[in-house]
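Biologist: Before we discuss any details, could you put the sequence and the structure up, and then take my questions in turn?

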Amino acid sequence: MGTGTLHIDLNALVENWQTLDRQSATHTGAVVKADGYGLGAGRVSKALAQAGVRSFFVATAEEATALRATLGPDPVIYVFSGHMEGDTQVLFDLGAVPLLNSPEQIARHEARLPEHPFGLQLDTGMNRLGIEASDWSPEMSQEASLVMSHLACADEPDHAANKAQLKTFLEMTAGILAPRSLAATGGILLGPEYHFDLTRPGVGLYGGLPFEDAQSVVTLDLPVIQTRTVQKGEAVGYAHAFIADSPRQIATVSGGYADGLIRAMSSTAQLYAGDIPCPLVGRVSMDLITVDVTHLDTVPEHLSILGPHQSVDQLADAAGTIGYEILTSLGHRYKRSYS
């Protein structure tokens, strides 16, 4: 096999959802946007639905199309981008619920789908999506299926913005009868005052921070294509970014930035031969990486870059990014397996 093997543990995914679900007394949905954070929205959502999830969240109406085909007519599918120009027929056909985020979207929805369910997004301080306080009236929520906002700093529990956004959300939604939602993964971990009627875990389902107790969901094994001895003073890879200071055994491994192993990992990431770390040396290229395996007694057929010894967030740290980017960048050339 010339490509890597990406294994997705659906049982671990479900356990993560169940653990987050137990942390609140409210309904727990699931965010499966970006193709289930890169792991396959169809397989992910089906496993979650079988575990009891009844509310799913996607970024766009286009994402809702494939999800509805997988889940059937019963679960609620919320669309974060709301009712965009051109979405009307899709929203109607799918029975998807747009989360309207501006007066313009509210007007569009009322004009084109007046009997269709909708939710509302409020801006409580993130200044990304949501109805501004100056445009908001609680009467807007009378027919809403959900009123939500999103925390900007929930992965930093002591950040002052969390309390400030909670205060604003409480003020803006005081007295409304519609169900409310403020917490994604980080918000769930902040405690009950952030939970309201529905929580929306996302990255924590897939094994990412800030959910430190998450089960590992992803394993990625990359095949070794070739091993060579590089003498002292010889260079490896593009731009001669690695020059050996002594004779080294270098394994050329299948996987590169076309597979989501971003160039920022160059000369910083590690792969594993069982329990033994092996440094990535030189530049990450489109299809290949080079790894120093001098210290191994035997070079295995595969090296692991994600697994029990290295989480998505640890790999992200090596690349100066976040686990979200690692997950959602995982390429489509991998052979995928599920359990």
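**Helix H9 and its surroundings**

Modeller: To begin with helix H9 (residues 312–319) of this predicted model, its buried residues are Val 312, Asp 313, Leu 315, Ala 316 and Ala 319. Seen down the axis of H9, these buried residues fall within an arc of 160°, so they line one face of the helix.

Biologist: What covers the buried residues of H9, and which residue follows the helix?

Modeller: The cover of the buried residues of H9 includes strand S18 (302–306) and helix H10 (323–329). At the end of H9 comes a residue with a positive phi, near 70°, and this residue is Gly 320.

Biologist: Which helices each supply at least two residues of the lining of the largest pocket, and how much space lies in that pocket?

Modeller: The helices that each supply at least two lining residues are helix H2 (33–37), helix H8 (185–190), H9 and H10. As for the space in the largest pocket, it comes to about 860 Å³.

Biologist: How many residues line the largest pocket, how do they divide by class, and which lie nearest its centre?

Modeller: The lining of the largest pocket is made of 41 residues. By class, 22 of the lining residues are nonpolar, twelve are polar and seven are charged. Those that lie nearest the centre of the pocket are Arg 128, His 150, Leu 151, Ala 184 and Tyr 324.

Biologist: What is the order of the strands in the open sheet of seven strands, and which are the edge strands?

Modeller: The pairing in this open sheet is parallel, and the order of its seven strands is S3-S4-S5-S6-S7-S8-S9. A strand at the edge pairs on one side only, and that is the case for strand S3 (30–31) and strand S9 (180–181).

Biologist: Where in S6 is the bridge partner of Tyr 78, and which residues of S6 are buried on its two faces?

Modeller: Strand S5 (residues 76–79) and S6 pair in the parallel sense over two bridges, and the partner of Tyr 78 in S6 is Val 97. Both faces of strand S6 (residues 97–100) are covered. The buried residues are Val 97 and Leu 99 on one side, and on the other Pro 98 and Leu 100.

Biologist: Which residue stands opposite Met 148 in S8?

Modeller: Strand S7 (residues 119–121) and strand S8 (residues 147–148) also pair in the parallel sense, over two bridges. The residue that stands opposite Met 148 is Gln 121.

**Helix H6**

Biologist: Which residues of helix H6 are buried, and what do they pack against?

Modeller: In helix H6 (residues 103–112) the buried residues are Gln 105, Ile 106 and His 109. They cover an arc of only 105° around the axis, which puts them on the same side of H6, while Glu 104 and Ala 111 on the other side are exposed. The elements that the buried residues of H6 pack against are S6 and S7.

**Loops and backbone angles**

Biologist: What is the phi of Asp 35, and what is that of Ser 267?

Modeller: Most residues other than glycine have a negative phi. Asp 35, placed in helix H2, counts as partly exposed at 34% relative accessibility, and Ser 267, in the loop between S14 and strand S15 (270–273), is likewise partly exposed, with a relative accessible area of 42%. Phi is positive in both residues although neither is a glycine: for Asp 35 it is about 55°, and for Ser 267 it is near 60°.

How values were computed. Residues numbered from 1 in each chain as written. Predicted model: local features only at pLDDT ≥ 70, side-chain atom pairs only at ≥ 80, totals over all residues. Heavy atoms only, no water. Buried < 20%, exposed > 50% of the residue type's maximum accessible area, 1.4 Å probe, protein only. Helix = DSSP H or I, 4+ residues; strand = E, 2+ residues; numbered from the N terminus. Arc of directions from axis to C-beta. Contact = heavy atoms within 4.5 Å. 1 Å grid on protein atoms, 1.4 Å probe; cavity = no way out; pocket = protein on both sides within 12 Å on 5 of 7 lines; lining within 4 Å. Points joined across faces, edges and corners; volume = space filled by probe spheres on them. Nonpolar A, V, L, I, M, F, W, Y, C, P; charged D, E, K, R; others polar. Pairing = 2+ DSSP bridges.
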